[in-house]
Amino acid sequence: MCNPRRIKVKATRRIAEAWRAEIERTVTASGEAKGESRLVQPLRSMLGEGALRAFEQALGGDPRWEWVDGGYRMRVPGGHAAYQPGSGELEIVISLTEAVEAVGTAEKVLEGEVTDEVTAESEGRYEDDGWRGRTKERAEREARSRAEAKAAKLAAERAERLRLDAEEAARHSMSAEARAVEDEARRRAEAALAERTLSVGQDLGRRADARLAEVHRQTLKDVMQLIAASYAQAISDFAQQNNAENFTMVDADGFIEIQFEMEG
């Protein structure tokens, strides 16, 4: 006589879900590089007192020179020239600047793994005498198959949940990590900017030296022309005050030629 039996089978699945997140930050630092060249020319020892006074008198009537803080100042390409009547010194300063930028990058990889375990159970039925093929082995095999299928489904659902939870936890963790990565990128950008500023500054310094030499030559030429103009004006005033005749003054190619006749 048939005697139905039941058998329960459990299937267990271990879950191991790996996650990986990358953080990358790029920071641009900007600044200004500067190169300067300076020269002080003592005009008193070069011109003598008479010529220096003539120069100072001419400065007041030259619109290129402005009276600033007790001295005369004139713009020159890349800088300025300044003359101090008290010391008799002519100073020329060339200051060149250039905007500089540097980029710093930093990155960090966050990795982790979440694990869990799920168990599913299924039941099979069989007959003691195996009536109509309902043996214990068959019932156990079918129950195990169902339990494993159920465990696989639970594992997939659980793995998805674990992954979402891990990503959510990573997002909170990454905000602090991202700040650290950005700080590192900024430190690298500032270090690169310092090197770039030094390099560009040295190049600007060499260019300022070259320009200073040209401006110095041109400024001394202007000084001499002012002195000549001052002397010419003084001679002209003298000629008019003494009723000189046939007075002519020609200013050409940097030379001033004055002629006049006056009774002795």
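In what order do the elements of the chain run from the N terminus on? The order is β-α-α-β-β-β-β-α-β-β, which amounts to three helices and seven strands; helices (H or I, at least four residues) and strands (E, at least two) are DSSP runs numbered from the N terminus. The chain has a radius of gyration of 47 Å, well over the 18 Å that the globule rule gives for 264 residues, so it is more spread out than a compact globule. Here the radius is taken over C-alpha atoms, and the rule is 2.2 Å times the number of residues to the power 0.38. Along the principal axes, the C-alpha trace spans about 170 × 30 × 25 Å.

The model is predicted: local features need pLDDT of at least 70 and side-chain atom pairs count only at pLDDT 80 or more, while totals for chains, interfaces and linings use all residues. Residues are numbered from 1 along each chain as its sequence is written, and side-chain values use heavy atoms, with hydrogens and water left out.

Of the 264 residues, 30% count as buried (under 20% relative accessible area, with a 1.4 Å probe and protein chains only). Among contacts (heavy atoms within 4.5 Å) between residues at least 6 apart in sequence, 77% join residues at least 24 apart.

Ala-159 is buried, with a relative accessible area of 13%. Leaving aside residues up to four places away in sequence, Ala-159 touches Ile-15 and Glu-17. Ile-92, by comparison, is 67 residues from Ala-159 in sequence and 76 Å from it in space, C-alpha to C-alpha.

Notes: Buried < 20%, exposed > 50% of the residue type's maximum accessible area, 1.4 Å probe, protein only.
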